[in-house]
Amino acid sequence: PREQGLTGFFATGLDQYLRNTKVTTLIVTGVSLNIAVLGTAIEAMNLGYKVVVPPDCIAGDPYEYAEHVVRYTMRNIAFVVPSTTITAAWR
């Protein structure tokens with residue numbers, strides 16, 4: 001059975017934890033672009049976080065749909081940045 005909602009924030013306490021640890025930017029990844037990744041990114045943006053989504057670290061079904069979500073939706077709510085750019089910035 002599902003213990004939480006469809007996104008990373010619903011009924012998890014995640015927002016409070018992130019705020020207590022002074023996190024301001026989230027890198028959202030996962031295998032459910034159709035609902036979980038998209039929903040989490042939207043919730044994070046609504047809560048005031050900067051959101052980064054590496055397109056090479058997400059998956060959706062069908063593949064063509066996922067491409068359209070990244071191109072036409074995700075880029076309007078998050079910074080769409082390849083994972084190599086993110087890891088280079090961490091170095």
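## Tour of the predicted model

Start at Arg19: at 40% relative accessibility, this residue counts as partly exposed. Keep in mind that the model is predicted.

**Stop 1: the salt bridge.** The structure holds one salt bridge. Now show helix α1, residues 14-20. Asp15 and Arg19 sit four residues apart in this helix, so about one helical turn separates them.

**Stop 2: two helices.** Select α2 (residues 33-46) and α3 (residues 63-77). Two packed helices are described by the angle and the distance between their axes. Here the axes come within 11 Å and cross at roughly 5°. Angles under 35 degrees count as roughly parallel, and α2 and α3 are therefore roughly parallel to each other.

Next, show the side chains at the contact. From α2, pick Leu33, Asn34, Val37, Leu38, Ala41, Ile42 and Met45. They meet Tyr65, Ala66, Val69, Val70, Thr73, Met74 and Ile77 of α3. Of the residues in this contact, twelve are nonpolar, two are polar and none is charged.

**Stop 3: the core.** Which residues touch the most other members of the largest nonpolar core? Select Leu26, Leu33, Val51, Val53 and Met74, from a core of 19 residues. At least two core residues come from each of α2, β2 (50-53) and α3.

**Stop 4: Leu33.** Centre on Leu33 and leave aside its neighbours within four places in sequence. Leu33 then contacts Leu38, Ile58, Ala59, Gly60, Ala66, Val69, Val70 and Met74.

Technical notes: Residues numbered from 1 in each chain as written. Predicted model: local features only at pLDDT ≥ 70, side-chain atom pairs only at ≥ 80, totals over all residues. Heavy atoms only, no water. Axes fitted to C-alpha atoms, helices over the stretch in contact; angles between N-to-C directions. Parallel < 35°, antiparallel > 145°, perpendicular 65-115°, else oblique. Contact = heavy atoms within 4.5 Å. Nonpolar A, V, L, I, M, F, W, Y, C, P; charged D, E, K, R; others polar. Salt bridge = Lys/Arg side-chain N within 4 Å of Asp/Glu carboxyl O. Buried < 20%, exposed > 50% of the residue type's maximum accessible area, 1.4 Å probe, protein only. Core = buried A, V, L, I, M, F, W, Y, C linked by side-chain atoms within 4.5 Å.
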